[in-house]
Amino acid sequence: MEIINTIGRRKTSVARLYMQSGKGAITVNTKDVKDYFPTEILQAIVNQPFATTKTEGSFDLKVNVDGGGVAGQAEAVRLAISRALCELDPEHRPALKAEGFLTRDPRMVERKKYGRRKARRAFQFSKR
């Protein structure tokens, strides 16, 4: 029984995934997925690759996720799952690619510059 190891990233979140065939148990940072991602929307994001490829409940996942917020973490997990499914069966690739689940979202927070209040926002201008 082989274990597939992939990584997914989003903003500052990094998800390391270990996938093997099983009964559909998803563990995120030693917690159940429903405890770690409490809202329905976040759980749906995590399960999207399985719904797209019609493989719900056929793999056990162990995920270590670190950094960022819950939404970024959920999307990082989604990317890791999508990559693992492609590694397992290359026929899943077109369906996942069409949904955009294999694309690493490159949007990051822009760094703050000196002489400014935020990344782009300048200090308030005073004429007098």
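# Contacts, core and pocket in a predicted model

Trainee: Which residues does Ser 82 touch, not counting residues up to four places away in sequence?
Mentor: This is a predicted model. Ser 82 lies in helix 3. Leave out the residues up to four places away in sequence, and the contacts of Ser 82 are Pro 49, Leu 96, Phe 101 and Leu 102.

Trainee: Is Ser 82 buried or exposed?
Mentor: Buried means under 20% relative accessible area. Ser 82 has 0% relative accessibility, so Ser 82 counts as buried.

Trainee: Which element has the lowest mean pLDDT?
Mentor: Look at both ends of the range. Strand 1, residues 4-10, has the highest mean, 95. The lowest mean is 92, and it belongs to helix 4, residues 93-99.

Trainee: Which residues does Val 77 touch, not counting residues up to four places away in sequence?
Mentor: Val 77 is among the core members that touch the most other members. Set aside residues up to four places away in sequence. Then Val 77 touches Ala 15, Phe 37, Val 46, Val 63 and Val 65.

Trainee: How many charged residues are in the lining of the largest pocket?
Mentor: The largest pocket has about 170 Å³ of space. Its lining has 13 residues, and the closest to the pocket centre are Gly 24, Ile 26, Val 33, Lys 34 and Asn 47. Helix 1 (33-36) and helix 2 (40-53) each supply at least two lining residues. By type, the lining has 5 nonpolar and 5 polar residues, and the number of charged ones is 3.

Trainee: What is the relative accessible area of Gln 43?
Mentor: Gln 43 lies in helix 2. Not counting residues up to four places away in sequence, Gln 43 touches Val 33, Lys 34, Phe 37 and Pro 38. Gln 43 is buried, with a relative accessible area of 11%.

Trainee: How far apart in space are Ser 13 and Gly 67, C-alpha to C-alpha?
Mentor: Ser 13 is in strand 2 and counts as buried, at 1% relative accessibility. Beyond residues up to four places away in sequence, its contacts are Gly 8, Asp 66, Gly 67, Gly 68, Gly 69, Gly 72, Gln 73 and Ala 76. Ser 13 and Gly 67 are 54 residues apart in sequence, but their C-alpha separation is 4.4 Å.

Trainee: What separates the C-alpha atoms of Lys 11 and Val 109?
Mentor: Lys 11 sits in the loop between strand 1 and strand 2. Lys 11 is partly exposed, with a relative accessible area of 44%. Leaving aside neighbours within four places in sequence, Lys 11 is in contact with Arg 104, Arg 107 and Met 108. Along the chain, Lys 11 and Val 109 are 98 residues apart, yet their C-alpha atoms are separated by 7.4 Å.

Trainee: What is the phi of Asn 29?
Mentor: Most residues other than glycine have a negative phi. Asn 29 is in the loop between strand 3 and strand 4 (31-32). At 24% relative accessibility, Asn 29 counts as partly exposed. Asn 29 is not a glycine, but its phi is positive, about 50°.

Trainee: What is the phi of Lys 54?
Mentor: Lys 54 is found in the loop between helix 2 and strand 5. Exposed means over 50%, and Lys 54, at 71% relative accessibility, counts as exposed. Lys 54 is not a glycine either, and its phi is positive, about 55°.

Notes
Residues numbered from 1 in each chain as written. Predicted model: local features only at pLDDT ≥ 70, side-chain atom pairs only at ≥ 80, totals over all residues. Heavy atoms only, no water. 1 Å grid on protein atoms, 1.4 Å probe; cavity = no way out; pocket = protein on both sides within 12 Å on 5 of 7 lines; lining within 4 Å. Points joined across faces, edges and corners; volume = space filled by probe spheres on them. Helix = DSSP H or I, 4+ residues; strand = E, 2+ residues; numbered from the N terminus. Nonpolar A, V, L, I, M, F, W, Y, C, P; charged D, E, K, R; others polar. Core = buried A, V, L, I, M, F, W, Y, C linked by side-chain atoms within 4.5 Å. Buried < 20%, exposed > 50% of the residue type's maximum accessible area, 1.4 Å probe, protein only. Contact = heavy atoms within 4.5 Å. pLDDT = per-residue confidence, 0-100.
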